[in-house]
Amino acid sequence: MQRRTVLKGLAALAATPAIGAAAPVMTRVRPGDAGWPSPAAWERLKAEVNGNLTKPADLFAACRTGGAGCTAAMEESGNPFFIGDQAGGTQVSGWLNAWSPKASAYAVTAHRAEDVAAAVNFARTHRLRLAVKGGGHSYQGTSNAPDSLLIWTRPMHAIALHDAFMPQGSRQAPVPAVTLEAGAMWADAYDAVTTKAHRYVQGGGCMTVGVAGL
């Protein structure tokens, strides 16, 4: 085989598009990157969610820096209800060699579906990391992420009881049911359904676990 023939074959092979080549991976924008939203952009999001945009606090920052508040932070860490009421709180301290708790850069404290939609759209437009947290019991760290925008559903905890519920299109007989919003905890569900309505609902044994966390 002539050298010229081999070179022509190699050139043709190099020009052939790769079959099954992986699509380029979209990188997420983080603080300090050129595409990070401007202060004005964050203010527009804040207005869209009725002022419910905050910077979550790192609950153990004082312990990492040797601050005087470390003792108080350690005492509060034993109260799961306190932790659940903090945008930057998680009910576990991480997973060895996998993840450690770190508060998001910003959090939308969602009170309605429109707040959730606004946060999702903002994250999509600016290519931000997005995290969603209700009770904060995720043992895999999926309810928090550093440098992210957090959708915090804790305030969405409304509960509605139904005497005769029938799913749309169902032909079964109506049954008693309960509707719980994304931020409700099992403690809320048990109180409304069992204590007050004298009915039964099956759920988890930990009272501070979010109903929608499953």
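Colleague: Where is His 111 found?

Modeller: His 111 sits in the loop between β2 and α6; helices (H or I, at least four residues) and strands (E, at least two) are DSSP runs, numbered from the N terminus. Keep in mind that this is a predicted model: local features need pLDDT of at least 70, side-chain atom pairs count only at pLDDT 80 or more, and totals for chains, interfaces and linings use all residues. Residues are numbered from 1 along each chain as its sequence is written, and side-chain values use heavy atoms, with hydrogens and water left out.

Colleague: Why does His 111 count as partly exposed?

Modeller: Buried means under 20% relative accessible area, exposed over 50%, and partly exposed is in between (1.4 Å probe, protein chains only). His 111 comes out at 44%, so partly exposed is the label.

Colleague: Which residues is His 111 in contact with, leaving aside its neighbours within four places in sequence?

Modeller: Asn 52, Pro 155 and Met 156, where contact means heavy atoms within 4.5 Å. His 111 and Asn 52 are 59 residues apart in sequence, yet 8.4 Å apart in space, C-alpha to C-alpha.

Colleague: On to Asp 115: why is that one called buried?

Modeller: Its relative accessible area is 1%, so by the cut-off already given Asp 115 is buried. Asp 115 lies in helix α6 (residues 113-126). Not counting residues up to four places away in sequence, Asp 115 touches Glu 48, Val 49, Val 108, Thr 109 and Ala 110.

Colleague: What makes a group of residues a nonpolar core, and how many residues has the largest one?

Modeller: The group has to be buried Ala, Val, Leu, Ile, Met, Phe, Trp, Tyr and Cys residues joined through side-chain atoms within 4.5 Å. The largest such set has 19 residues, and those with the most contacts inside it are Trp 42, Leu 45, Leu 53, Leu 128 and Leu 149. At least two of its residues come from each of α2 (39-48), β2 (106-109), α6 and β4 (148-152). The top contributor is α6, with 4 residues. A second, separate core has 7 residues, including Trp 186, Ala 189, Tyr 190 and Val 211.

Colleague: Which residues are buried in helix α7?

Modeller: In α7 (residues 186-196), Trp 186, Ala 187, Ala 189, Tyr 190, Ala 192 and Val 193 are buried. An α-helix has 3.6 residues a turn, so residues three or four places apart point the same way. The cover over the buried residues of α7 includes β5 (159-165) and β6 (175-180).

Colleague: How many cavities of 30 Å³ or more does a search of the whole structure find, and what makes a space a cavity?

Modeller: The search finds 1. On a 1 Å grid over the protein atoms alone, a cavity is a set of points where a 1.4 Å probe fits but cannot get out; lining residues have an atom within 4 Å of a point. Grid points are joined across faces, edges and corners, and a volume is the space filled by probe spheres set on the points. The largest cavity holds about 70 Å³, and its lining includes Asp 58, Phe 60, Arg 64 and Lys 102.

Colleague: And overall, what share of the residues is buried?

Modeller: Of the 214 residues, 31% are buried. The protein has 7 helices and 6 strands.

Methods:
1 Å grid on protein atoms, 1.4 Å probe; cavity = no way out; pocket = protein on both sides within 12 Å on 5 of 7 lines; lining within 4 Å.
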